[in-house]
Amino acid sequence: MISSVPNTTPAAFFSAAWAQFDAAQGENWRDSLRVGGTNCLIEGKGHGMRQALLPALAHLKSDVSVAPQLHLRTWDGAETHGGLPPLPVIAGDAFEHGRIARLCSDSHLVIWEPHFSSVTLLDRIGRRAIYFATSAQALPYYETAAPLRALWHAWFSSQGALPVHGACVGRNGRALLLTAPAGSGKSTTALLALAAGFDYLADDWSLLQPRGGPFAHSLFNTAKLRPNNLHRFPALRERIHNFDRLDDEKATIFLQQHFPSQLRASAQLKAIVLPRVSGKPDTHFERTSSAAAWHALLKVTAQGVAGSGRELFTLLGELVRCAPVYTLHLGHQLDQVHRALEAILQDE
Amino acid sequence: MSNYKLASSDVTYQLLDGEVVAIHFTKGIYHNLRGAAAVIFDALARGIPVSQVGDCFCGAPLDAAATIQLLAERFVTDELLAVTDSSIVASCTQPTEVSAWKEPVVESYTDLQQLLLADPIHDVGTESWPKLPEAPDASAAQA
């Protein structure tokens, strides 16, 4: 149980955690990413965290000489023998969707994901962030397939953008957001679009910017597929990253390694599409309400991003108001799916 | 007759294609209001006196005033709206649009409560953080 309670402020806790990086052991590495228009410098210690975080972000690598707008330090405990300052909470402190309330302020956030044994810290004003995990090797596949979600949400939500749970495909600089609960055909639709030559921004998580666009930005180059759906995509089998673990995990493919020419960092959001498996032969689509999209996005997004809160509600409302919404009724004839997506892109 | 306002800063709502989605963050409940319920909620939240909300509709049924009053009370019960001093000048006292009356629908959802509600921190040791403590060994517990 909690035995000692250091008295600290959010700023002091962040500074103490930032300094812990220097005490961590292991090879120091640096990478630069351009994520949703933000130049992000990632500075890490140890090989394991680099292997855990970077494959899904590799398509966003950029010139390390560009001045960063966000500086992330990341390390783990198992490999670097580094840690974080002692947990300065008291029993009964508020814990709201991962946020440790007493360590948060207008500038600072501490988001704890106990099931990953990881913590994300952000100093918005100082433009610094920390991602620490007890063990990079122990991070689950769905975390390494879509890493740093809590950070991206915390950083971008203050800038009018947000990661939402949805795939994103398009043509010629225009994109469709495909969002639906698990099992609704979202990933299948996205991969059918990839096979048909569409531009690909996201399989699972897209960064959406309602204001000034709307725009969609790629976060991860990962595609995930349920093993029982692999028969639809035989060409992907040999590209599966975790082929030896499909009893417990979804098949994961890092598309940057296999389809780099189809990946896009950003596009204008043309429409929001809600796929539904119809059980009928043909695929067709129809316009539906913004509220339907809001409902589809709210729960799946909130569940997948620790620390998401009130700003998610507001930004989702902005998002669904600025793009038309369609229900896509998916039939058995899969070759019709990409044609339906083309038609939605051409609609209006 | 009363005037209403949003119950607190913990309540916010969005008007989407004629539907209202309203959420109470500290209760963790969100509501989907359709038909006349959306128009009525939006009007009351914008400060239109309850006695004038009927002017937002054309073709309203004869019992519309009673329905409006009942819904206003329901929104207060759900802690989305609160009665306010009618002597305070509201930001908007006149309906700006007229809508056809459609059957009011109010749906409430609690499936985000676990995510939205603050939970006290417990079962955390300072030594192992940010790892959760190991679950007690079942055999040891039985012994």
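This is a predicted model: local features need pLDDT of at least 70, side-chain atom pairs count only at pLDDT 80 or more; totals for chains, interfaces and linings use all residues.
In what order do the 4 strands of the open sheet in chain B stand, and is their pairing parallel or antiparallel?

1. The open sheet in chain B is formed by 4 strands in the order 2-3-4-8, and the pairing is antiparallel. Strand 2 (11-16) and strand 8 (105-109) of chain B are the edge strands, each of which pairs on one side only. On average, and with direction ignored, neighbouring strands of this sheet are turned by 15 degrees against each other.

2. Strands 3 and 4. Within chain B, strand 3 (residues 19-24) is joined to strand 4 (residues 29-34) in the antiparallel sense over 5 bridges. In this pair, B:Ala22 has B:His31 of strand 4 of chain B opposite it.

3. A helix from chain A. The sheet is also packed on by helix 8 (residues 310-321) of chain A, which touches strand 2 and strand 3 of chain B. The direction of this helix makes about 5 degrees with that of strand 2 of chain B.

4. Elements of the chain. Chain B as a whole contains 4 helices and 9 strands.

5. Of the 143 residues in chain B, 32% are buried.

Technical notes. Residues are numbered from 1 along each chain as its sequence is written. Chains are lettered from A and ligands numbered from 1 in the order in which they are written. Helices (H or I, at least four residues) and strands (E, at least two) are DSSP runs, numbered from the N terminus. A residue is buried if 20 or more other C-beta atoms lie within 10 Å of its own, exposed if 12 or fewer, and partly exposed in between; C-beta atoms are placed from the backbone. Two strands pair if DSSP finds at least two bridges between them. Axes are lines fitted to C-alpha atoms, for helices over the stretch in contact, and angles run from 0 to 180 degrees between N-to-C directions. Two residues are in contact if their C-beta atoms, placed from the backbone, lie within 7 Å.
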